[in-house]
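Visitor: I am new to this structure and would like a short tour. Could you show it to me before we begin?

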Amino acid sequence: MFRLINVMEIMVNETVDEILRVNKDICSCSRCRLDLAAVALNNLPANYVVTTEGEVIKRINALKQQFKVDIICALTEALTVVSKHPHHTYL
Ligand SMILES: [Zn+2]
């Protein structure tokens with residue numbers, strides 16, 4: 001079964017989890033998590049691939065090294081934006 005996935009989206013979500021695990025002072029509610037990913041993804045190129053379930057991890061690992069620095073830069077900016085204007089208080 002083939003799937004269309006945005007590798008960038010998966011890598012950003014993984015990196016958000018890593019950052020939140022290490023930095024306990026950043027709000028990790030579901031709204032802030034998604035806001036972080038959304039802001040970062042708007043500043044990163046989409047990277048769609050057609051792959052099978054078993055190949056997904058391999059494709060991600062191959063591309064992760066290449067985009068790691070870009071993803072961390074985008075998320076660092078996203079952290080500034082989201083922490084200045086958190087949406088979680090309106091829920
Ligand atoms: Zn929050």
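**A guided conversation**

Guide: C29 counts as exposed, because 12 C-beta neighbours lie inside 10 Å of it. By definition, a residue is buried if 20 or more other C-beta atoms lie within 10 Å of its own, exposed if 12 or fewer, and partly exposed in between, with C-beta atoms placed from the backbone.

Visitor: Where is C29 found?

Guide: C29 is found in the loop between helix 1 and helix 2. Its C-alpha atom is separated by 30 Å from that of G54, 25 residues apart along the chain.

Visitor: What kind of model is this, and how are residues numbered?

Guide: This is a predicted model, in which local features need pLDDT of at least 70 and side-chain atom pairs count only at pLDDT 80 or more, while totals for chains, interfaces and linings use all residues. Residues are numbered from 1 along each chain as its sequence is written.

Visitor: Which elements does the protein have, and in what order do they run?

Guide: The protein has three helices and two strands, and from the N terminus on they run β-α-α-β-α. Helices (H or I, at least four residues) and strands (E, at least two) are DSSP runs, numbered from the N terminus.

Visitor: How do helix 1 and helix 2 pack?

Guide: Helix 1 (residues 7-22) and helix 2 (residues 30-42) pack at about 130°, and their axes are 10 Å apart. Helix 1 is therefore oblique to helix 2. Axes are lines fitted to C-alpha atoms, for helices over the stretch in contact, and angles run from 0 to 180 degrees between N-to-C directions. Angles under 35 degrees count as roughly parallel, over 145 as roughly antiparallel, 65 to 115 as roughly perpendicular and the rest as oblique.

Visitor: Which residues make the contact?

Guide: Helix 1 contributes M8, E9, V12, N13, V16 and L20, and helix 2 contributes R33, L36, A37, A40 and L41. Two residues are in contact if their C-beta atoms, placed from the backbone, lie within 7 Å.

Visitor: Changing topic, how many residues of strand 1 are buried?

Guide: The count is zero among the five residues of strand 1 (residues 2-6), which is hardly covered. For the protein, 16% of the 91 residues count as buried.

Visitor: How many bridges join strand 1 to strand 2?

Guide: Five bridges join strand 1 to strand 2 (residues 48-52), and the two run antiparallel. Strands pair if DSSP finds at least two bridges between them. I5 stands opposite V49 in strand 2.
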